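Please read it alongside the sequence and the model.

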Amino acid sequence: MSLDLRTGQPVWAINKPRTARHPKLAKNIRSEVVVIGGGISGALIAHRLTKLGMQVTIIEGRKIGAGSTAASTAILSYEADVNLGDLIKKFGRRTAVRAYKAGVEAIDSIGRTIKTLDDPCDFKKRRSLYLASSRRDAKLLEREFKTRRANNFDVKLLGQEELSRRFTLDAPCAILNEQAAEVNPLKLTLALVRSGQKKGLKVFVHTRVATYRRAGRESVLTTENNFQIRAKHVVFATGYETQQFLKQRTVRLVSTYAIASTPRIEFPAGYEHPVIWETARPYLYVRTTADSRLVVGGEDVEFLDEKRRDKLLPSKTRILQKKARRMFPHLSWKVAAAWTGTFAESSDGLPYIGPHKLYTGAQFALGYGGNGITFAAIASRIIPDLISNTKNSDAHVFRFGRHSK
């Protein structure tokens, strides 16, 4: 069984990055570590594991990067979908602040990793603007700003006049965050896999895992074509499709929508190209691309089935276009790409990373929420440590079974 994760043409597919052909699994194999999932999470984890000298195999049901990764708008932010102040109320200051700090470190680690790859992947450090969507939300944002400042995050509170002058945006106020970035997620996934292959990483595509069981000290995976894969360690990096293996009541599936403009938009002189999101829920999120496109996403709805999700794409495209023109009335552009994808959200806005009591011998990298790539980078630090029995102080923050205080 496979979930149709996206529909439409993501902007990353317009100028297709160079791809490699990978075979379909056609025999029984054995590997020290098997990573199920060839999206950004699987690629980051496999890349790190191969750097540590482990024998690693990626098993992907589609092509590399062809699932949710291609549907991502790839805004890299340390800010979870739940405000820091709310996380502190839920988990306590130490855990909540550490979850946010891990995101800051993850963005930096992605930048360092990209410098070692054969493609810069359109990676750019950016500022982030968290906009108050209404005057009522301005007080909420002011409290959140004070909470972040009190916990040593590099943020500023901009008023309406400064927002208009510096960013040509009309909002009551915004938190300006100095630590964000953007990237081409498909280029990054493919570059990570190429790098890993130079160190022995094996990759099989169009190969779906049907069952998982533990036999002694090995995990045994059986594919839909009845081939067996034996491994000492297994990593599930199948994102939102993991619901087919792991039923979690704390996760809900949502459909999100995105559009991208024509290239070479003429932004005002000195425009800083921040990544933008807002306090409204569901929120609008905005970024630009290396070829000067505007990318706008949001309008999330509860996922019911692929047909209902896809049927909404034309109307959601019109709404996103209208909102973008209202936000940037001075820009001239047309819609060049529109797409929709299915994602999942955890109840507390954080990912689930690490072992699960029902799957002995396995680790999970489930980057739920709007911060999937940042969470994937966090998982790429935690999971190799867990596999190699190295202490990782962040493992408890993102573990299954975490409890509020």
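This is a predicted model: local features need pLDDT of at least 70, side-chain atom pairs count only at pLDDT 80 or more; totals for chains, interfaces and linings use all residues.

## Where α3 meets α5

L84, G85 and I88 in α3 meet E144, T147 and R148 in α5. Contact here means heavy atoms within 4.5 Å. The residues of this contact divide into two nonpolar, two polar and two charged.

Residues are numbered from 1 along each chain as its sequence is written, and side-chain values use heavy atoms, with hydrogens and water left out.

Helix α3 covers residues 84-91 and helix α5 residues 135-150. They pack at an angle of about 70°, with their axes 8 Å apart. Axes are lines fitted to C-alpha atoms, for helices over the stretch in contact, and angles run from 0 to 180 degrees between N-to-C directions. α3 and α5 are therefore roughly perpendicular to each other. Angles under 35 degrees count as roughly parallel, over 145 as roughly antiparallel, 65 to 115 as roughly perpendicular and the rest as oblique. Helices (H or I, at least four residues) and strands (E, at least two) are DSSP runs, numbered from the N terminus.

## The two sides of α6

Which residues of helix α6 (residues 160-167) are buried? They are L163, R166 and F167. Buried means under 20% relative accessible area, exposed over 50%, and partly exposed in between (1.4 Å probe, protein chains only). The three cover an arc of only 85° around the axis, which puts them on the same side of α6. That arc is taken from the directions from the helix axis to the C-beta atoms. The cover over the buried residues of α6 includes β5 (124-131), β6 (155-159) and β7 (173-182). On the face turned away from the buried side sit the exposed residues E161 and R165. T168 follows α6, and its phi is positive, near 50°.

## Salt bridges

The structure holds 21 salt bridges. A salt bridge is a side-chain nitrogen of Lys or Arg within 4 Å of a carboxyl oxygen of Asp or Glu. Three of them are listed here.

| Pair | N to O distance |
|---|---|
| R148 and E79 | 2.4 Å |
| K125 and D108 | 3.4 Å |
| R127 and E178 | 2.8 Å |

R148 lies in helix α5 and E79 in the loop between β4 (75-77) and α3, 69 residues apart. R148 is buried, at 0% relative accessible area. E79 counts as buried too, at 2%.

K125 in strand β5 and D108 in helix α4 (residues 93-114) are 17 residues apart. K125 counts as exposed at 52% relative accessibility. D108 is partly exposed at 31%.

R127 lies in strand β5 and E178 in strand β7, so this pair ties together parts that are 51 residues apart in sequence. Both residues are partly exposed: R127 at 27% and E178 at 24%. Salt bridges that share partners join R127, E162, R165, R166, E178 and E272 into one network.

## Q363 in β18

Q363 sits in strand β18 (residues 359-366). Its relative accessible area is 12%, so Q363 is buried. Leaving out residues up to four places away in sequence, Q363 touches V234, V235, F236, G354, P355, I383, L386 and I387.

Conventions
Ala, Val, Leu, Ile, Met, Phe, Trp, Tyr, Cys and Pro count as nonpolar, Asp, Glu, Lys and Arg as charged, and the others, Gly among them, as polar.
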